[in-house]
Amino acid sequence: MPRIGYIVGSLSSASINRNVAHALVALAPEGVELVELDYSDLPVYTPDHDADYPVAAREWKSAIEGVDGVIIITPEYLRSIPGALKNAIDWASRPWGTNSFNGKPVAIAGASIGAIGTAAAQQHLRAVLGHLNAPTLGQPEVFLHYTPSAFDAQGALIDEQVKAILEGFLAAAVAHVETHAPVAVA
Ligand SMILES: Cc1cc2nc3c(=O)[nH]c(=O)nc-3n(C[C@H](O)[C@H](O)[C@H](O)COP(=O)(O)O)c2cc1C
């Protein structure tokens with residue numbers, strides 16, 4: 001059964017996307033392990049680092065390379081990807097020739113207080129991941145219009161409709177990861 005890393009595209013201490021990530025962890029089918037891929041220690045990327053990658057960046061790349069697939073749950077900033085998430089992906093893509101997302105199956109979801117539920121950000125993220133040769137799950141698209149009443153005071157998901165959406169997304173994400181699993185050579 002797969003081990004899937006999840007990336008929360010927000011560094012906010014009150015992130016609604018982190019609430020969604022926690023809901024996904026709670027809903028994970030038996031045997032599927034969801035582990036956070038944390039990028040909060042990364043500095044801002046510049047190619048000056050390529051000759052000697054900092055420890056945080058090496059660990060970040062290893063964490064991505066060590067999971068069977070990735071789920072990204074991201075907010076939308078200015079109709080695009082938050083800068084911190086893009087910075088983390090930039091780090092993962094380098095040094096040249098060591099793209100950690102190469103061939104890595106990815107599924108995307110996002111929540112926003114806005115009406116389009118991160119649809120614009122997710123399109124940009126798909127373009128970035130396509131360039132990195134990361135096969136990205138096409139459907140279901142998960143554009144959550146965040147309503148606080150969907151979660152209880154502890155941040156646990158209580159809305160049955162949203163739960164069903166996330167369960168369907170998780171099932172498709174797991175199937176996507178399994179489809180793209182490397183073939184074992186005897
Ligand atoms: C810099 C900035 C830009 C934003 N731009 C958008 C946007 O383009 N579309 C949108 O739906 N919400 C936008 N928002 C509102 C976010 O949906 C809202 O802050 C949400 O809580 C962010 O997710 P998070 O709580 O997981 O960090 C923006 C918020 C910030 C701080």
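**Starting at the ligand**

Let's begin with Ile-16: one of its backbone N or O atoms lies 2.9 Å from an oxygen atom of the ligand. Before I go on, please keep in mind that this is a predicted model.

So who else is around the ligand? There are 13 residues around it, and the ones that come nearest are Ser-10, Ser-15, Glu-76, Arg-79 and Ser-112. In the side chain of Ser-15, an N or O atom is 2.6 Å from an oxygen atom of the ligand. With Glu-76, it's a nitrogen atom of the ligand that comes in, 2.8 Å from an N or O atom of the side chain.

Let's stay with Ser-15 for a moment. Where is it? You'll find Ser-15 in the loop between E1 and H1. Is Ser-15 buried or exposed? Its relative accessibility is 6%, and the cut-off for buried is under 20%, so Ser-15 counts as buried. If we skip its neighbours within four places in sequence, Ser-15 is in contact with Val-8 and Ser-10.

Now look at what the side chain of Ser-15 does at the start of the helix. Ser-15 caps the N-terminal end of H1, with a side-chain oxygen 3.1 Å from the backbone nitrogen of Asn-17. That side chain of Ser-15 also reaches the backbone nitrogen of Arg-18, at 2.9 Å.

**Helix H1**

That brings us to H1 itself. This helix has twelve residues, and from its first C-alpha to its last it reaches 17 Å, close to the 16 Å expected at 1.5 Å a residue. Which residues of H1 are buried? They are Ile-16, Asn-17, Asn-19, Val-20, Ala-21, Ala-23 and Leu-24. And what do those buried residues pack against? The partners are E1, E2, E3, E4, E5 and helix H5, which covers 160–179.

**The sheet**

So let's turn to those strands. They form an open sheet of five, in the order E2-E1-E3-E4-E5, and the pairing is parallel. At the edges stand E2 (33–36) and E5 (142–145); each has a single partner strand, so one side of each is left without a neighbour in the sheet. On average, neighbouring strands are turned by 25° against each other, ignoring direction. H1, residues 16–27, packs on this sheet and touches E1, E2, E3, E4 and E5, and its direction makes about 165° with that of E1.

Let's zoom in on one pair. E1 and E2 run parallel, and four bridges join them. Gly-5, for example, has Val-35 in E2 as its bridge partner, and Tyr-6 has Glu-36. How covered is E1? Mostly: five of its six residues are buried.

**Other places to look**

Let me show you H3 next, which runs over residues 83–93 and has Leu-85, Asn-87, Ala-88, Ile-89, Trp-91, Ala-92 and Ser-93 buried. The cover over the buried residues of H3 includes E1, H2 (55–65), E3 and H4 (119–131).

Pro-54 sits in the loop between E2 and H2. Setting aside residues up to four places away in sequence, Pro-54 touches His-49 and Trp-91. Its relative accessibility is 23%, so Pro-54 counts as partly exposed. How far is Pro-54 from Leu-42 in space? C-alpha to C-alpha they are 8.6 Å apart, and in sequence they are twelve residues apart.

My last stop is Val-162, over in helix H5. At 16% relative accessibility, Val-162 counts as buried. It touches Leu-144 and Leu-157, again not counting residues up to four places away in sequence. Ala-127 is 35 residues from Val-162 along the chain, and their C-alpha atoms are separated by 26 Å.

**Back to the start**

If you take one picture away, take Ser-15: its side chain caps H1, and that side chain also has an N or O atom 2.6 Å from a ligand oxygen.

How values were computed:
Residues are numbered from 1 along each chain as its sequence is written. This is a predicted model: local features need pLDDT of at least 70, side-chain atom pairs count only at pLDDT 80 or more; totals for chains, interfaces and linings use all residues. Side-chain values use heavy atoms; hydrogens and water are left out. Two strands pair if DSSP finds at least two bridges between them. Helices (H or I, at least four residues) and strands (E, at least two) are DSSP runs, numbered from the N terminus. Axes are lines fitted to C-alpha atoms, for helices over the stretch in contact, and angles run from 0 to 180 degrees between N-to-C directions. Contact means heavy atoms within 4.5 Å. The expected span of a helix is 1.5 Å times one less than its number of residues. Buried means under 20% relative accessible area, exposed over 50%, partly exposed in between (1.4 Å probe, protein chains only). A polar contact is a pair of N or O atoms within 3.5 Å; within protein, one must be able to donate a hydrogen and the other to accept it, and residues adjacent in sequence count only if both atoms are side-chain atoms. A residue is near a molecule or strand if one of its heavy atoms lies within 4 Å of it.
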